[in-house]
Amino acid sequence: MSFTFFTRDKSKTSVDYAAMADRIGDLESVLSATREDSAVARINQAQGQPVEVGDYAARLLAQALKLCEVTGGALDITAYPAVKAWGFTTEEHRVPSGEELAELADRIDYTAVRLEGNTVTLPAGMEIDLGAVAKGYAGDWLAQDTRNGGIHTTSALLDLGQSTIVGIGTKPDGSPWRIGVRDPEGEGYFGVVELADMAMGTSGGYQRFFEQDGVTYWHILDPDTAAPARSGLASVTVVAPSALTCDGLSTALFVMGLEKGAQFWRDHPELEFEAIFVTEEGGISCTAGLTDRFSLAGGYEDREVTVLK
Ligand code: AMP
Ligand code: MG
């Protein structure tokens, strides 16, 4: 992660770095699937027994489950056994058999997660993974900490890594932050999004994948099949006030594909998001609310952008 803060008066830096480090520590103690004492790890080891988690973890879980529900399960935090079976947690990649995938898909069902107060119950054999929303959570909390830090930090850029970014305020000169959107096919940026008090997140098959026998397998799975989501998309970028929305929805829209994703956008104005879709053929579509904030980058000016209405 890298955070950049601008202050007008160097002597009055009011960023509380210690508080931000504490916040990241708190998040890790909840989210880390590999740290044995994390809330997520304790839930995954419970074998059907109820687990008491802290307020913080309960809140995070409630928000993640809400996103699973609103996306009709395109986002599903119980995909973890499948993510592991493909080797994405250890980098020891393998292609599970059709039979194994059918069995894994049966075990993906976020509606089986019970959250009552601070008690989480997960059926034995199921495991959760907040990897699709973790950067977003972190972004929203850290943005709140930064904003609460006072008037000297109204200009900041929080880069959570792995394509999640929060622009707080504007650049010090009052102009919006300009953030590049990665070309899923190359190293460069095909477009630029202007952000002012906005977050942005991208999910794409190019971010984590492996190849076997000439086939590419990526880390975003379709909960219906437990296999990499092949919706015809190469990447989805979401722009919204909340980084959690950006992170969760970019993963979910990647699973849905262009047509269903565009309809989801039309159906959910309350989520206050806009999106840029790139298909595997390189077609670019953006939702109508982005037309004055999104432009093609140098070298990509001849590409056509379809505006979704
Ligand atoms: P992101 O990079 O935010 O798109 O999240 C992808 C990560 O979320 C993967 O590395 C998996 O750990 C996990 N994941 C994969 N597919 C899904 C899915 N359909 N719903 C929820 N989490 C998923
Ligand atoms: Mg995500």
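The chain holds eight helices and 18 strands. Its radius of gyration is 20 Å, close to the 19 Å that the globule rule gives for 309 residues, so the chain is as compact as a globular protein of that length. The model is predicted, and the values that follow are computed from it.

**Overall build**
- Taken along the principal axes, the C-alpha atoms of the chain fill a box of roughly 55 × 45 × 35 Å.
- Of the 309 residues in the chain, 51% are buried, and the accessible surface comes to about 14,300 Å², with 48% of it belonging to carbon and sulfur atoms.
- Among contacts between residues at least 6 apart in sequence, 60% join residues at least 24 apart.

**The largest pocket**
- The largest pocket has a volume of about 1,100 Å³ and is lined by 38 residues, of which Asp129, Leu130, Gly131, Ala132 and Ala134 lie nearest its centre.
- Helix 1 (17-31), helix 4 (80-85), helix 6 (134-148), strand 5 (155-161) and helix 7 (243-256) each supply at least two residues of this lining, and the largest share, four residues, comes from helix 1.
- By class, the lining of the largest pocket divides into 22 nonpolar, 10 polar and six charged residues.

**The second largest pocket**
- The second largest pocket holds about 340 Å³ of space, and of the 19 residues that line it, Gly72, Gly73, Ala74, Asp224 and Val255 are the closest to its centre.
- Helix 7 and helix 8 (258-267) each supply at least two residues of the lining of the second largest pocket, which has nine nonpolar, four polar and six charged residues.

Terms used:
Residues numbered from 1 in each chain as written. Chains lettered and ligands numbered in written order. Predicted model: local features only at pLDDT ≥ 70, side-chain atom pairs only at ≥ 80, totals over all residues. Heavy atoms only, no water. 1 Å grid on protein atoms, 1.4 Å probe; cavity = no way out; pocket = protein on both sides within 12 Å on 5 of 7 lines; lining within 4 Å. Points joined across faces, edges and corners; volume = space filled by probe spheres on them. Nonpolar A, V, L, I, M, F, W, Y, C, P; charged D, E, K, R; others polar. Rg over C-alpha atoms; globule rule 2.2 N^0.38 Å. Buried < 20%, exposed > 50% of the residue type's maximum accessible area, 1.4 Å probe, protein only. Contact = heavy atoms within 4.5 Å. Areas by Shrake-Rupley, 256 points an atom, 1.4 Å probe, with all protein chains shown as cover.
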